Amino acid sequence: MSQKKILIVEDDIQTQRVYHNKLTSEGYAVVLAATGKEGVFTAKKIRPDLVILDIMLPGTGMNGFDVLENMKKDQELKNIPVLVLTNLDTEERVAKEIGANEYLVKANVSIDEVAERVNKRLQK
Amino acid sequence: MVRLRHSKSPKGSFEADADVKKYVAQRLDPLVDVLSFASIGDFTKNVHISKKEDEFTPVNVGVQVLLDVIRDKIRELEEEKGRIEADKKQLGTLLDSLPVGVYIAEVPSGKPILVNKKATELVGRSFDPEAGVDDYTKTYDLLTEEGKKYPTKGHPLYITIKKGIEAKKSDLVVRRPNKSLITLKVQSVPVHDKVGNLSSAIAVFDDITKEREVENLKSQFVSLVSHQLRTPLSNMRWNIEMLLKGDYGILPEEIAGVLKDVYESDKKLIILVNDILNVSHIEEGKELEYAVGVSPKKIIHKVLTDMKPLAREKMVKLHFKTQHNIPRVFIDPKHLFQIVQNLVSNAINYNVAKGKVTVHLRKGTNKILILVEDTGIGIPEKDRERIFDKFFRTENAIKSQIQGSGLGLYIVKTYVKKWGGNIIFTSKEGKGSTFFVELPIKNHIDKKTKT
């Protein structure tokens, strides 16, 4: 079975690195995107098996919600599971309404929990 | 006595009658004068009472006495009126000198009986004597904070007039004729007459536009700072977790020990930031709940697992006693987690070495009961009333140098109330405390409701 691809859309470099280290050690291929635009572009290009999405993404005027909406409009991307991982705790309803599969507050989950959710979604 | 000539008149009886009539008329005329003045409200004329008594004297005296009494009454009434007017003027001056708007409303119409200067100033227009409680929104251009028409039924005076109870709102926005917007805090109270019937309603209102702006800025700041704080905190958490798990190789025991301390400090900081954020959300009224069927058992297990290191550090033993078949509760899992986490962490933090914390989970009629029992320092009698207040900390907690923000129980109570539950406690200083949380199994709050 080929290696599953995870796209991480996250602007904070240290956070990117933790995701990368944890998920590669779990056996996934990890691709990083630091802005919303880059996220959508990369998603279209690599068609990941799962996306980890932050909400506050400065720079390109595209936040996590925009990325999510873009993905849901795209026939080829709309069924990819999306885990929203953010430190905002008031956006759960909106995120789920747009189609996020999970909403986790980073500070309130362990990195193992993150990996578990990913594994569960990808049925590893 | 005057003898009527009639009796001994040599003339005929007709002439005698005429004489009598003339005499009577003569004697009555002055009286009639006085009475006709009286009939048009002039009681100033006096009856002439001749020194010589005759048949008319008692009538004259009687009328004069009556006049005197009436004059006294009138004077009394006028004095009273003067006093009332002076009182009214005083009240008017007093009301006008108040720094808050006052509107006294007629019941049940809600039309104004009395309005002070400040009220007119705040609303930016004079009050319409014909505008009743159903017209306030239209007449005074009242809006909600979102800029929609203010619902008539939400107006404090409406509530007071219809239900006879006190009402308070701090979200009433007035669009003045010059289009400027001000936010008012309005409090209205019922006034009852001697027999307890609602006789009027008084609304007192104040401009809180500035306070609102400051509050908003403050909470925006708090939430910004808290979110920015969380990013490095969650990074630290995840990195230490991976280090401790050996993802980067096995660590020497000593280093692992130090890292565990760093980890616990980081988690404490996360909890504090969470508390500050939660309070800020509560105050913004922006708490967005996401309710689902939640297993209280699972949540309690998770909290107790999370709390193990803290309990170990404080040398406190954790116990969990649950009944079977505990039903799911319809609640936001984050909130239930917060409720249990705050109660358990208090029970550990305010405990004594070798103390014990027992969480009981029980089923009641249409509700569940969570008891958190500790063997800690207890809550002093005098502090009990304020224990759920924001930032409040008991004297013995401060003396014992136990760290805490004073936010935990405030959050717990807010959440428990929000989901239609109840919280009470018993405590004995030096022996321990037990908190009882009751939560309804089915909740009336619609899960789609955004508040």
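**Figure 1. α9(B) passes α11(B) in a left-handed crossing.** Left-handed here means that the near helix is turned anticlockwise from the far one by less than a right angle. The two helices of chain B, α9 (residues 333-349) and α11 (residues 408-418), pack at an angle of about 145° with their axes 9 Å apart. Axes are lines fitted to C-alpha atoms over the stretch in contact, and angles run from 0 to 180 degrees between N-to-C directions. On the α9(B) side, the contact uses His335(B), Gln338(B), Ile339(B), Asn342(B), Leu343(B) and Asn346(B). From α11(B) come Gly408(B), Leu409(B), Ile411(B), Val412(B), Tyr415(B) and Val416(B). Contact means C-beta atoms, placed from the backbone, within 7 Å. By class, that's 7 nonpolar, 5 polar and no charged residues. (Nonpolar is Ala, Val, Leu, Ile, Met, Phe, Trp, Tyr, Cys and Pro; charged is Asp, Glu, Lys and Arg; polar is the others, Gly among them.)

This is a predicted model, where local features need pLDDT of at least 70, side-chain atom pairs count only at pLDDT 80 or more, and totals for chains, interfaces and linings use all residues. Residues are numbered from 1 along each chain as its sequence is written, while chains are lettered from A and ligands numbered from 1 in the order in which they are written.

**Figure 2. Chain A runs β-α-β-α-β-α-β-α-β-α from the N terminus on.** That comes to 5 helices and 5 strands, taken as DSSP runs (H or I, at least four residues, for helices; E, at least two, for strands) and numbered from the N terminus. Of its 124 residues, 38% count as buried, i.e. with 20 or more other C-beta atoms within 10 Å of their own; exposed is 12 or fewer, and partly exposed lies in between.

**Figure 3. The buried residues of α5(A) are Ile111(A), Val114(A) and Val118(A).** Looking down the α5(A) axis, they fall within an arc of 55°, so they line one face of the helix. The arc is that of the directions from the helix axis to the C-beta atoms. They pack against β1, α1, β3, β4 and β5 of chain A, together with α6 (209-245) of chain B. On the face turned away from the buried side sit the exposed Glu113(A) and Lys120(A). After α5(A) comes Gln123(A), with a positive phi near 45°.

**Figure 4. Here 18 residues of chain A are in contact with 18 residues of chain B.** On the chain A side, α1 (13-25), α4 (92-98) and α5 (111-121) each give two or more residues. The largest share, 6 residues, comes from α1(A). This side divides into 4 nonpolar, 7 polar and 7 charged residues.

Terms used
Contact = placed C-beta atoms within 7 Å.
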